[in-house]
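The following exercises concern the fold of two protein chains. Each task is followed by a solution in steps.

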Amino acid sequence: MMSRLSAVTFNTFREAVRDRVLYNLILFVLLLLAITPLFGQISIGLERIILINVGLSAMSLFGIVIAILVGIGLVSREIEKKTLYTILSRPVRRWEFITGKYCGLVMTLTVNAVMMATGFYLALLITGHGWQAADARLLVAIYFIILQFFIMTAITLLFSAFTTPVFSAIFAFSLFVIGSFSEDLRNFAALTQGLTKWLVTATAYLVPNFSSLNVISQAAHDVPVDGRLIAFNTLYAVFYSMAAIAASIVIFERRNLK
Amino acid sequence: MPAVEISGLTKSYTAGFFRQKRITALQPLHLTIEEGEIFGFLGPNGAGKTTTLKLLMGIVFPTAGSAKILGRDFRDPDVRKEIGFLPEQPYFYDYLSAPELLDYYAQLSGVPREERRKRIPLLLEQTGLADAGRKQLRKFSKGMLQRVGIAQAMIHNPRIVFLDEPMSGLDPVGRREIRELILTLKRDGKTVFFSTHILSDAEALCDRVAVIHKGVLRGIGVVEDLKSQTADKSEIIWQGAHALAAVSAMVGKAHVTGEVVRGVVNSPELDQLLEKLRREKARLISVTPLHGALEDYFVAHTSEREAVQR
């Protein structure tokens, strides 16, 4: 089982690398190089805050876009091109295929994030303030960004298991936007009553809570992140992703591949 | 123990969004394939050949029926270690080279690393791809891709190989290469189940064939036996459906399209039949002697026209 899972995982990663998905890193580095000289004209304190905000937000956005763009084709492309026929005619269980595909894309996004983080830290050094202890705290924000990728990949995979790539992209991106405002949704629910309250609360809890996974602003202002939030977010990302993958598997197990 | 035993495998599906229509792609199919034989599954496009293979491979699920492969339920994923499959017009991961692709499929089939290292170069040699090197599959010709397809179906040394239209779209040289590969598989003791609508290939390779049309099995048997069924017979076509009643005993199964009737008659009875048609004032269109070719059997069993049993 493990060899089949790892084979699908590494092949998915290899596909992303050879399809030049990681070329986005060049764009990311160019973006950082373009904005870094601008900071010289801003006061010392602001320079760091802006760089952290821009750098980490770009890292998150780049990863989310890749998760969606690659994720929507993970299953549908294999069906459309019939490569799946030669996989399922082997002793590969459908759940192994889905899980392997998920792990492969998560692996791609993690490698991508690590490389972007390296570029980001270099940009921090270049701006001239040197290494600060607070810089280590930024790793928590980066870790949360990677957790966002875990969830987003699972959601995209879920949609791609039963709908077309275009609809998968629309649904997944909408869910990302709504999830980014999930805290606001909860606050709004507190102000409403009756059925509206029930509906808004249910929606707020159902959509992925990307607000609590976004601590970029906190990190930029050197506000430490509570250890309990790190533990909670880790468990939340793991369980949310597992639920989405389980749903994908249930759908895919029954699907006739025409 | 039969290599494949299909018992009433059926597939139907619904088409349309608002007014859903039920379409039967495969009527209950009963078929047994013995170990070590090359079995041809013949039928025109859309006959149900690919559906049968997709059902056996677990790509689509049957509406009813079951099948056994080497005595085990066909849905058991572990039985797939014993089978290789080449889909119709295959597309492989074109960012991989042939050795990488074979290594990937071998891993999925549970072939240990040491065995993979030995088997991949051997198989590339056997399929004439040894020179392909690290070239990505996107640069391969159709014939080379088909050979890679056969290689991936054989990488885990399966006992049964299923090939869906393996010669389709190939030039004569490519077809000849694939034919030789299939014969090599037989020499190695493998069972080969292949679907095709190219009858010359089936005639040259198969021990037994089955003919399927519109999802219904129309005939099955040893190639020579099937061919002999049309030997010393003639195909006759005439205009005037009213005459059919007078000659039905002679033509057996006739195909009627409007006023045009097509039937097969034993050549010694031909004169008698022509005389009766003349008396019935039917207009003769053609008489063609059949020579006991597989094509004659195929055509006789896969007429697109509405078949009328008499």
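**Exercise 1.** Determine which percentage of the contacts in chain A between residues at least 6 apart in sequence join residues at least 24 apart.

*Solution.* Two residues are in contact if their C-beta atoms, placed from the backbone, lie within 7 Å. Among the contacts that meet the separation of at least 6, 86% join residues at least 24 apart. The model is predicted: local features need pLDDT of at least 70, side-chain atom pairs count only at pLDDT 80 or more, and totals for chains, interfaces and linings use all residues. Residues are numbered from 1 along each chain as its sequence is written, while chains are lettered from A and ligands numbered from 1 in the order in which they are written.

**Exercise 2.** State how the radius of gyration of chain A relates to that of a compact globule.

*Solution.* The radius is taken over C-alpha atoms, and the globule rule is 2.2 Å times the number of residues to the power 0.38. The C-alpha trace of chain A spans about 60 × 55 × 30 Å along its principal axes.

**Exercise 3.** Identify the strand order and the edges of the six-stranded sheet in chain B.

*Solution.* Strands are DSSP runs of E with at least two residues, numbered from the N terminus, and two strands pair if DSSP finds at least two bridges between them. The order in this open, mixed sheet is E6-E7-E8-E3-E9-E10 (chain B). Strand E6 (83-86) and strand E10 (216-222) of chain B are the edges, each pairing on one side only. Strand E9 (residues 208-213) of chain B runs antiparallel to E10(B), joined by six bridges; B:Ala210 has B:Ile220 in E10(B) as its bridge partner.

Terms used: Helix = DSSP H or I, 4+ residues; strand = E, 2+ residues; numbered from the N terminus.
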